[in-house]
Amino acid sequence: MQKVELQQLKQNIVHTIRMLERAEHIDFNGHVSARLPGTSRIFINERRASRSALTIKDIIEIDIEGNVLDEDGQPPNEYPLHTEMYRNREDVNAVAHTHPKWSTLFTISKVPLRPVIIQGAVIGDVAIFPKANSISNQEIATELVKAMGEDFVVLMKAHGAAIVGHNLTEVFARSVFLEENAYRQYMAGQIGYAHSLEEDEIQQMKEFIWQPKNIQKVWDNHLSKLK
């Protein structure tokens, strides 16, 4: 990649994190990374930097083993969550670890998170990783990757979510859809039973919603709120 493209990739990580923080999907913790295409190197946010005031200077480079390639940077403690996703998923070029309040409720209760709105069709039935541990070593990170399988979202018991995609725009859109679906299911549950979408509806809505123009619209809407 050209230097200007690398800088833009860093800037897009900054945008993603600041949008996630503004949407309350992350707080003082949470991290986002992107693979440098065609390499085993990764851009990720520096652990000490404020998520709400992040700048491009707070994005550091590490390799697939977690070695810091920037002189003064410190990656998040849970960087293995990112490196193991990239190591095991060639289709993944972006990863986020979030702490969404509504989705996380469904890892604490015995009520399964189900697709109840059309945006939820994109997410489908979400697996729950049964450990509340920090994903801070290769062993547990590998377990998390296996729990996700070939899907793009996995929830972690009493902890948060790991979300992956082909790019940062996809990752952000999935985070939005995941949390919106969880919120609607929770609120509907206060009235009565929250009915799931039917299987044919899930397939139809998934194909309809998961189009580049719709994903970009989610990104653009949230990005405009930062400016």
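Colleague: In which helix is S103 found?

Modeller: This is a predicted model, where local features need pLDDT of at least 70 and side-chain atom pairs count only at pLDDT 80 or more, while totals for chains, interfaces and linings use all residues. Residues are numbered from 1 along each chain as its sequence is written, and side-chain values use heavy atoms, with hydrogens and water left out. Helices (H or I, at least four residues) and strands (E, at least two) are DSSP runs numbered from the N terminus, and by that assignment S103 is found in helix α3.

Colleague: Is S103 buried or exposed, and with which side chain does its own side chain make a polar contact?

Modeller: Buried means under 20% relative accessible area and exposed over 50%, with partly exposed in between (1.4 Å probe, protein chains only); at 0%, S103 is therefore buried. Leaving aside residues up to four places away in sequence, S103 touches L155, L178, E179 and A182, where contact means heavy atoms within 4.5 Å. A polar contact is a pair of N or O atoms within 3.5 Å; within protein, one must be able to donate a hydrogen and the other to accept it, and residues adjacent in sequence count only if both atoms are side-chain atoms. At 2.6 Å, the side-chain partner of S103 is E179.

Colleague: Which helix gives the largest share of the nonpolar patch?

Modeller: Patches are made of residues with over 30% relative accessible area and no salt bridge, like charges being joined within 9 Å and nonpolar side chains (Val, Leu, Ile, Met, Phe, Trp, Tyr) within 5 Å, and the areas come from the Shrake-Rupley method with a 1.4 Å probe, where for residues only the protein chains shown count as cover. Here L105, I108, Y183, Y186 and M187 make a patch of about 420 Å², to which α3 (101-108) and α6 (168-191) each give two or more residues. Y186 lies in α6 and is partly exposed at 31% relative accessibility. With three residues, the largest share comes from α6.

Colleague: In β7, which residue is the bridge partner of A94?

Modeller: Strand β4 (residues 94-98) has five of its five residues buried, with A94, A96 and T98 pointing one way and V95 and H97 the other. Two strands pair if DSSP finds at least two bridges between them; β4 pairs in the antiparallel sense with β1 (residues 31-35) over four bridges, H31 being the partner of H97. β4 also pairs in the antiparallel sense with β7 (residues 160-165), over five bridges, and there the partner of A94 is G165.

Colleague: How far apart are N and O in the salt bridge of K131 and E143?

Modeller: A salt bridge is a side-chain nitrogen of Lys or Arg within 4 Å of a carboxyl oxygen of Asp or Glu. K131 lies in the loop between β5 (127-129) and α5 (138-148) and E143 in helix α5, so the pair ties together parts that are 12 residues apart in sequence. K131 is partly exposed at 33%, as is E143 at 28%. From N to O, the value is 2.8 Å.

Colleague: How many salt bridges does the count come to?

Modeller: R89 and D91 meet at 2.9 Å, N to O, with R89 buried at 7% and D91 partly exposed at 28%. E170 and R174, both buried, have their closest N and O atoms 3.4 Å apart; being four residues apart in α6, they are separated by about one helical turn. Salt bridges that share partners also join E65, E84 and R87 into one network. By this rule, the count of salt bridges is nine.
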